[in-house]
Amino acid sequence: MITYRTATSGDLPGVRALLDAAHLPVVGLEVHIQNFMLALDGEKVVGCAGLEVHQDRGLLRSVAVEQGYRNHGIGLRLTEGVIELAQNKNLTSLSLLTETAPDYFPRFGFVQVQRSELPAALNDSDEFKGACPDTATAMTLKL
Ligand SMILES: CC(C)(COP(=O)(O)OP(=O)(O)OC[C@H]1O[C@@H](n2cnc3c(N)ncnc32)[C@H](O)[C@@H]1OP(=O)(O)O)[C@@H](O)C(=O)NCCC(=O)NCCS
């Protein structure tokens, strides 16, 4: 049975391992870990999705599900959890950069935009400062 909860700093090793396996950036993880949603199988972290807050804007990052657990709606539930978290924090938009899954996020209402159209507040994010390559697709969702 899969359970869901928000992360604490004690979850850092499990989340880092999951992101490493999915070849996603871990930079800034420790700063934002408390705004990460987790999926667990017992004690094991098998999915995560994170929110970075920059002023009144949000960045959805680190959406990953362990290989053997994919296609069971875990990514869906985690992404919806982060969207809800961003709404509860009264953020005005949620954006993301992705190299690997631009076709996954439209189902949540994200639309593709030019990277230059993303909110300037997100320039503070480490993902924007180089962890995510220039070739990544930029997407945004108005909240
Ligand atoms: C993308 C990812 C998080 C999806 O998690 P998941 O739990 O398998 O997804 P769900 O079960 O919620 O959704 C499954 C659906 O998404 C689709 N999907 C899965 N990965 C996809 C991708 N990379 N691109 C487009 N669609 C994708 C599946 O084909 C399936 O489609 P269907 O509903 O039409 O059958 C997971 O595949 C993953 O960890 N990928 C590697 C890391 C990554 O690319 N993260 C996103 C960038 S931040």
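Guide: Start with pairing. Two strands pair if DSSP finds at least two bridges between them. Keep in mind that this model is predicted.

Visitor: How do you know that E2 and E3 pair?

Guide: Set the count against the cut-off. E2 and E3 share six bridges, and at least two are needed. Therefore they pair. The sense is antiparallel. Met37 stands opposite Ala49 in E3, and Leu38 has Cys48 as its bridge partner there.

Visitor: What lies between E2 and E3 in their hairpin?

Guide: Two residues lie between the strands. Gly42 is in the turn, with a positive phi of about 65°.

Visitor: What makes E1 and E2 a pair?

Guide: Five bridges join E1, residues 2-6, to E2, residues 36-41. The cut-off is at least two bridges, so E1 and E2 pair. They run antiparallel. Tyr4 stands opposite Ala39 in E2.

Visitor: Why is the pairing in the sheet called mixed?

Guide: Strands of a sheet can pair either parallel or antiparallel. Here E4 and E5 pair in the parallel sense over three bridges. Gly58 has Leu94 in E5 as its bridge partner. E5 and E7, in contrast, run antiparallel and are joined by six bridges. Ser95 has Thr140 in E7 as its bridge partner. The open sheet of seven strands has mixed pairing, in the order E1-E2-E3-E4-E5-E7-E6.

Visitor: Why do E1 and E6 count as edge strands?

Guide: Each has a single partner strand, so one side of each is left without a neighbour in the sheet. From one strand to the next, the twist averages 25°.

Visitor: Which strands does H3 lie across?

Guide: H3 lies across E1, E2, E3, E4 and E5, at about 30° to E3. H1 lies across E2, E3 and E4, at about 95° to E3.

Visitor: What makes a residue part of the shell around the ligand?

Guide: The cut-off is a C-beta atom within 6 Å. The shell has 17 residues, and Arg70, Gly75, Leu76, Thr100 and Ala101 come nearest. E4 and H3 each supply at least two shell residues.

Key:
Residues are numbered from 1 along each chain as its sequence is written. This is a predicted model: local features need pLDDT of at least 70, side-chain atom pairs count only at pLDDT 80 or more; totals for chains, interfaces and linings use all residues. Helices (H or I, at least four residues) and strands (E, at least two) are DSSP runs, numbered from the N terminus. Axes are lines fitted to C-alpha atoms, for helices over the stretch in contact, and angles run from 0 to 180 degrees between N-to-C directions. Two residues are in contact if their C-beta atoms, placed from the backbone, lie within 7 Å.
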